[in-house]
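Trainee: Could we go through this structure together? I would like to begin with one residue and then turn to the wider fold.

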Amino acid sequence: MSKPKGFEKPIGVRDYLPYAVDKLRAIESKMLACMASWGYRQIMTPTMEYYETVGTASSTSDHKLFKLLNNRGTQMVLRSDMTAPIARVVSSLLKDEPLPLRLCYHANVFRTIEEEAGREAEFFQTGVELVGDDSAEADAEVIALAISSLQAAGVSQFKIALGHVGFLDGILQETLPTAEEAREGLKGKLLERDYVGYKELLGTLSLAEGQRKELEGLLRLRGGKEICTQAKQLSQHPLSIGAMEHLIKIWDVLEDYGVAQHVVIDLTMIGDFTYYTGMTFEGYASELGSPVCNGGRYDNLLQQLGRPAPATGFSIKTNRILDGVHGLEVAYEAPILITYVAARRKEAFGRANALREAGRKVITSEFNTAVDKSNDSVHMSEKTESNQEQGKQLYSEVIIFD
């Protein structure tokens with residue numbers, strides 16, 4: 001392997017230039033402000049965690065984790081999501097806090113699979129966790145807040161696909177009660193959105209014609225609240241019936257929030273079926289081909305970390321909004337340039353400080369390095385890349401102390 005050049009960086013990570021950082025921070029701050037207005041308090045956790053605790057509890061598959069050893073030989077991981085670290089904190093440092101807890105976050109996370117897929121191995125997430133409430137009201141709250149957060153970030157055209165892992169579990173247990181491998185295979189096809197593969201796998205199973213048509217009919221269960229009524233006719237399994245009743249309650253609450261028009265029920269959408277225990281959802285922006293947010297109920301995670309409690313939440317992929325959605329305009333404020341001769345340096349610095357205290361951006365420079373007094377024009381040796389690409393003027397005003 002050749003030695004990397006000085007300007008190279010590892011595959012799967014990126015540099016964010018100043019104008020991109022401005023927009024990323026604006027997206028982050030607007031979403032966090034939105035979450036705070038709903039009563040969610042921000043939390044921060046370490047970038048690195050123990051593999052045996054947070055790593056194994058995470059929803060991320062083991063082979064997708066970035067693993068490393070510390071100087072004592074203990075296996076560590078770079079966090080692959082924020083849910084498991086927050087669950088650790090809720091189960092320890094916040095164990096005496098009354099439930100429910102409403103927490104929000106913004107953080108970078110790491111997954112090796114993103115690198116393998118030609119995507120980013122490090123990316124940003126902003127999200128919430130609502131711990132200690134197992135009601136349909138809580139599930140509807142996080143969906144409505146996800147919608148509000150997307151809108152705050154400038155995402156105007158999007159849809160939330162809402163499903164429930166209980167419906168699929170019930171109907172598969174009803175039709176394939178002894179074929180666990182087949183059930184898991186069908187779930188895997190739906191998780192991958194491989195509907196052709198799903199039908200092909202159905203064709204290999206020993207099913208009655210009515211059962212096969214019933215399971216193929218799942219692929220058409222997409223729409224509004226009426227889908228839940230249709231789904232009840234396909235399965236009488238208690239898991240399926242309970243799931244549909246729960247989704248109906250969620251839908252009713254979303255209607256009262258005034259956001260149901262953004263939601264579509266999709267019973268093929270199950271999320272990570274090894275992790276989620278109830279409702280699950282994904283958000284798709286019209287400009288993007290991949291989900292911009294995902295979430296759901298995960299009632300078993302906190303039990304693994306010592307504090308049994310129901311929980312629900314979501315995460316938004318902030319950098320996908322940065323790269324693919326143009327709804328949020330970030331105003332660029334060019335700084336004021338104050339240039340001075342040595343005899344008036346103190347006076348110039350005083351003026352600069354006064355302007356900064358007033359909220360303005362100020363650059364100071366000794367007179368003969370920036371301004372030609374003969375024509376009061378600003379001379380630049382070069383423009384930065386960000387200024388060239390953004391077409392911004394370097395200075396909003398030039399103040400001369402000569």
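This is a predicted model: local features need pLDDT of at least 70, side-chain atom pairs count only at pLDDT 80 or more; totals for chains, interfaces and linings use all residues.

Trainee: Where does R297 lie?

Mentor: R297 belongs to strand β11, residues 293-297. Helices (H or I, at least four residues) and strands (E, at least two) are DSSP runs, numbered from the N terminus.

Trainee: Is R297 buried or exposed?

Mentor: R297 is buried, because its relative accessible area is 4%. Buried means under 20% relative accessible area, exposed over 50%, and partly exposed in between, with a 1.4 Å probe and protein chains only.

Trainee: And which side chain makes a polar contact with the side chain of R297?

Mentor: That of D139, at 3.0 Å. A polar contact is a pair of N or O atoms within 3.5 Å; within protein, one must be able to donate a hydrogen and the other to accept it, and residues adjacent in sequence count only if both atoms are side-chain atoms.

Trainee: Let us change topic. How many residues has the largest nonpolar core?

Mentor: The largest nonpolar core has 97 residues, and I143 and F281 have the most contacts inside it. Helix α5 (residues 136-152) gives the largest share of this core, 10 residues. Such a core is a set of buried Ala, Val, Leu, Ile, Met, Phe, Trp, Tyr and Cys residues joined through side-chain atoms within 4.5 Å.

Trainee: What about a second core?

Mentor: A second, separate core has 9 residues, including A348, A352, V362 and I399.

Trainee: Now helix α3: how many of its residues are buried?

Mentor: In α3 (residues 83-91), 8 of its 9 residues are buried, among them I86 and V90. Their cover includes α2 (51-57) and β5 (101-110), where contact means heavy atoms within 4.5 Å.

Trainee: Finally, is E209 buried or partly exposed?

Mentor: E209 counts as partly exposed, because its relative accessibility is 49%. E209 is in helix α9 (residues 209-216).

Trainee: How far apart are E209 and I147?

Mentor: E209 and I147 are 62 residues apart in sequence and 41 Å apart in space, C-alpha to C-alpha.

Methods. Residues are numbered from 1 along each chain as its sequence is written. Side-chain values use heavy atoms; hydrogens and water are left out.
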